Amino acid sequence: MSQLLATLNTVAADPHWHTLADAVPDVTPQMPKDVDKPVQDILNWTAGLGLAAAVLGGLLGWAAVAVGHNSERAALAARGKQAILWSLLGAGGIGVTAALVTTFYNMGT
């Protein structure tokens with residue numbers, strides 16, 4: 001381990017290392033405009049459809065809870081409660097994932 005640290009210290013302290021880093025041209029990564037718009041549209045549609053599916057799942061879960069309680073079908077009510085929980089978790093996951101993907105995507109543009 002100490003040999004690895006000594007090697008890293010030697011490489012970092014080498015004056016030629018800095019001149020090599022200065023020789024690299026300053027390039028700013030940029031997404032081509034022809035690709036930028038379609039990718040943003042795909043990301044927006046994916047997040048929107050996923051959130052719409054989560055809302056629909058939550059509504060169907062509430063309907064299952066109502067029917068299950070009124071008809072004394074405990075299994076249906078329990079499944080409805082699970083559907084509500086999973087739709088909330090799914091919506092949160094979709095929201096967080098969409099935000100992360102969009103953030104990382106926008107870092108390159």
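Helices (H or I, at least four residues) and strands (E, at least two) are DSSP runs, numbered from the N terminus. The structure is a predicted model, in which local features need pLDDT of at least 70, side-chain atom pairs count only at pLDDT 80 or more, and totals for chains, interfaces and linings use all residues. Residues are numbered from 1 along each chain as its sequence is written, and side-chain values use heavy atoms, with hydrogens and water left out.

**Figure 1. Overview of the protein chain, which follows the pattern α-α-α-α along the sequence.** The protein chain contains 4 helices and 0 strands. Of its 109 residues, 13% are buried, where buried means under 20% relative accessible area, exposed means over 50%, and partly exposed covers the values in between (1.4 Å probe, protein chains only). Contact means heavy atoms within 4.5 Å. Among the contacts in the protein chain with a separation of 6 or more, 58% are between residues 24 or more positions apart.

**Figure 2. Packing of helix 3 (residues 33-70) with helix 4 (residues 74-107).** The axes of the two helices come within 7 Å and cross at roughly 165°. This crossing makes helix 3 roughly antiparallel to helix 4. Axes are lines fitted to C-alpha atoms, for helices over the stretch in contact, and angles run from 0 to 180 degrees between N-to-C directions. Angles under 35 degrees count as roughly parallel, over 145 as roughly antiparallel, 65 to 115 as roughly perpendicular, and the rest as oblique. The crossing of helix 3 with helix 4 is left-handed, a term for a near helix turned anticlockwise from the far one by less than a right angle, with right-handed used if clockwise. The contact of helix 3 with helix 4 involves 20 nonpolar, 12 polar and 2 charged residues. In this division, Ala, Val, Leu, Ile, Met, Phe, Trp, Tyr, Cys and Pro count as nonpolar, Asp, Glu, Lys and Arg as charged, and the others, Gly among them, as polar.

Figure 3. Serine 87 is buried, and its relative accessible area is 12%. A polar atom of the serine 87 side chain lies 2.8 Å from the backbone oxygen of isoleucine 84. With neighbours within four places in sequence left aside, serine 87 is in contact with Ala54, Gly57 and Gly58.

Figure 4. Apart from neighbours within four places in sequence, glutamine 40 is in contact with Tyr105 and Asn106.

Figure 5. Threonine 102 is placed in helix 4 and counts as partly exposed, at 25% relative accessibility. Its C-alpha atom is separated by 7.5 Å from that of leucine 43, and these residues are 59 residues apart along the chain. Alanine 52 belongs to helix 3; at 45% relative accessibility, alanine 52 is likewise assigned as partly exposed. From alanine 52 to alanine 91, the C-alpha to C-alpha distance is 8.7 Å, for a pair 39 residues apart in sequence.

**Figure 6. Lysine 81 in helix 4.** Lysine 81 is partly exposed, and its relative accessible area is 47%. When residues up to four places away in sequence are not counted, lysine 81 touches Val65 and His69. The C-alpha atoms of lysine 81 and alanine 63 are 9.8 Å apart, for residues 18 residues apart along the chain.

**Figure 7. Glutamate 72 in the loop between helix 3 and helix 4.** Phi of glutamate 72 is near 60°, which is a positive value in a residue other than glycine. Glutamate 72 is exposed, with 75% as its relative accessible area.

Technical notes: A polar contact is a pair of N or O atoms within 3.5 Å; within protein, one must be able to donate a hydrogen and the other to accept it, and residues adjacent in sequence count only if both atoms are side-chain atoms.
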